[in-house]
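Let's walk through this structure together, one part at a time. Have the model open beside you and find each residue as we come to it.

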Amino acid sequence: MKEGDSSISIQVIERMVSLLDALENYPDPVSLKELSAVTKLHPSTAHRILNDLVVKRFVDRVEPGTYRLGMRLLELGNVVKSRLSVRDAALDLMRALHRKTHQTINLSVRQSDEIIYIDRSFSERSGMQVVRAIGGRAPLHLTSTGKLFLSIDEPQAVRAYATRTGLAGHNKNSITDLPKLERELSLVRALGYARDNEELELGVRCMAAAIRDDSGKLVAGLSISAPADRLQDDWVEDLMSTAQKISAALGYIAQADA
């Protein structure tokens, strides 16, 4: 390809993108005249490019002279979404949080009545032996991430969980009765994060923040585990900020407070 041909191709691509960006701002079909004015493209140029985009289904022609974004974009978006991995989105950010706190950082997801640890950043400097390996499981009500998932369940679902599991405990700190669990979940909802105060393992405390996907669904929990006497409250801000960054990488857009 000659240099002149390359510059022309880039110009065409820029014009296509400008039209797609313009269409993004219109919930209803928009006229060629309006698109031409917004993009500052000559009507004949805009019309020619829009025709090509219609053929490729990036744009729909609703009726003669009006356009909207096409289904091909949705199809491609779904492909991108399907390839996004929570683990891939989280890994570098988990490492950064570990470097800042020098404690174990866990990434966990829910499977039925348990959480599964799918990744971890840790070092010997944390002073804590990692009890559950990647792929290990733990009951929802005994873990900080598990409490995040339970906190979004309807009350009847929480009661059903308690009935199924019997709220079995691991030690004297474990929550083993429903009223106490319900109070704990109310606190999680109020704070926006969850804690495990030596409820799973004696000598280990954790705090967890939610990771959400582009639809707002809770898909994973990010947690810091530390020896009970080393977990610092001022890590909460860093933990929540990191979880928000991972969520953003998955397409989640946080809603501003009204």
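T101 touches I224 and W235, leaving aside residues up to four places away in sequence. Touching here means a contact, with heavy atoms within 4.5 Å. You will find T101 in helix α5, which covers residues 86-101. T101 counts as buried because its relative accessibility is 4%, and buried means under 20% relative accessible area, exposed means over 50%, and partly exposed is in between (1.4 Å probe, protein chains only).

Before going on, a word about what you are looking at. This is a predicted model, in which local features need pLDDT of at least 70 and side-chain atom pairs count only at pLDDT 80 or more, while totals for chains, interfaces and linings use all residues. Residues are numbered from 1 along each chain as its sequence is written, and side-chain values use heavy atoms, with hydrogens and water left out.

Now zoom out. The protein has nine helices and nine strands; these are DSSP runs numbered from the N terminus, with helices being H or I of at least four residues and strands E of at least two. Of the 258 residues in the protein, 40% are buried. Among contacts with a separation of 6 or more, 56% are between residues 24 or more positions apart. The protein exposes about 14500 Å², and carbon and sulfur atoms supply 52% of that area, as worked out by the Shrake-Rupley method with a 1.4 Å probe, where for residues only the protein chains shown count as cover.

Next, turn to helix α2, residues 32-39. Which residues of α2 are buried? They are L32, L35, S36 and T39. These residues are on the same side of α2, because they cover an arc of only 100° around the axis; the arc is that of the directions from the helix axis to the C-beta atoms. An α-helix has 3.6 residues a turn, so residues three or four places apart point the same way. On the other side of α2, K33 and A37 are exposed. Just after α2 comes K40, with a positive phi of about 60°.

Let's look at charged side chains. There are 13 salt bridges, each being a side-chain nitrogen of Lys or Arg within 4 Å of a carboxyl oxygen of Asp or Glu. One of them joins E75 and R57, whose closest N and O atoms are 2.5 Å apart. E75 lies in helix α4 (residues 71-83) and R57 in the loop between α3 (43-55) and β2 (59-63), so this pair ties together parts 18 residues apart in sequence. E75 is partly exposed at 31% relative accessible area, and R57 is partly exposed at 38%. R57 and E75 also belong to a network of salt bridges with R72.

Helix α5 comes back in another pair. The side chains of D119 and R87 meet in a salt bridge at 2.6 Å, N to O. This pair links distant parts of the chain, with D119 in strand β5 (residues 114-121) and R87 in helix α5, 32 residues apart. Is D119 buried or exposed? D119 is buried, with a relative accessible area of 5%, whereas R87 is partly exposed at 37%.
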